[in-house]
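Good morning. I will go through one protein model today, starting with the whole chain and then moving to single residues.

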Amino acid sequence: MIIGIGSDLIDIRRIEKTIDRFGMRFLNRIYTDVEKTKSDKRMNRVESYAKRYAAKEACSKALGTGFRKGVFWKDMGVVNLPSGKPTMKLTGGALKRLQEITPEGMEAVIHLTITDEPPIAESFVMIEAVKPAQ
């Protein structure tokens, strides 16, 4: 059962200008340590940050809150499963909201796709409620 859907587009140049202007103050406010480490290792560093920014926006929409009701930027982080597939790890207010919208007796699975075609980065998040594996 799908319990949330969100998508977002961001102009990569906007993220680049923001990083140039605010540097670590911006990065530390928006991104988890895992995201910063991963993005800083990438050849296309700014694109990586932009895709993660779009993923957070899309996830906040899928949660049905945006960045309100105790959901903050760093409560959502892009992580990769062992297969390499990206997903979101939620903490704090985002995790609380996910628990609120997940039907009793079910588990939430977050599906994430991220891509870019400069100057645009895009993300799509779908939250699915599934019966726990037995």
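Now the origin of the numbers. This is a predicted model, in which local features need pLDDT of at least 70 and side-chain atom pairs count only at pLDDT 80 or more, while totals for chains, interfaces and linings use all residues. Residues are numbered from 1 along each chain as its sequence is written, and side-chain values use heavy atoms, with hydrogens and water left out.

Along its principal axes, the C-alpha trace of the protein chain spans about 45 × 30 × 25 Å. The chain has 5 helices and 5 strands. Helices (H or I, at least four residues) and strands (E, at least two) are DSSP runs, numbered from the N terminus. In sequence order the pattern is β-α-α-α-α-β-β-α-β-β.

Next, burial. Buried means under 20% relative accessible area, exposed over 50%, and partly exposed in between, using a 1.4 Å probe and protein chains only. Of the 134 residues in the protein chain, 41% are buried.

How many aromatic pairs does a search of the whole structure find? It finds 5. Rings of Phe, Tyr and Trp (its six-membered ring) pair if their centres lie within 6.5 Å; planes under 30 degrees apart count as stacked, over 60 as edge-to-face and the rest as tilted. The ring centres of Phe 26 and Tyr 31 are 5.9 Å apart and their planes stand at 80°, so this pair is edge-to-face. Phe 26 is buried at a relative accessible area of 10%, and Tyr 31 is buried at 0%. Phe 67 and Trp 73 make a stacked pair, 3.9 Å centre to centre with 20° between the planes. Trp 73 is buried, at 13%, whereas Phe 67 counts as partly exposed, at 27%. Ring pairs link Phe 26, Tyr 31, Tyr 49, Tyr 53, Phe 67 and Trp 73 into a cluster.

On to Lys 51, in helix 4, which covers residues 45–62. Contact means heavy atoms within 4.5 Å. Which residues does Lys 51 touch, leaving aside its neighbours within four places in sequence? They are Ile 114, Thr 115, Asp 116, Ala 121 and Ser 123. The side chains of Lys 51 and Asp 116 are joined by a polar contact of 3.1 Å. A polar contact is a pair of N or O atoms within 3.5 Å; within protein, one must be able to donate a hydrogen and the other to accept it, and residues adjacent in sequence count only if both atoms are side-chain atoms.

Two backbone details come next. The peptide bond from Pro 118 to Pro 119 is cis, with omega near 15°. Pro 119 sits in the loop between strand 4 (107–117) and strand 5 (120–130). Lys 69 has phi near 55°, a positive value in a residue other than glycine. Lys 69 belongs to the loop between helix 4 and strand 2 (76–80), and is exposed, with a relative accessible area of 68%.

Last, Asp 20. Asp 20 and Leu 81 are 61 residues apart in sequence and 31 Å apart in space, C-alpha to C-alpha.
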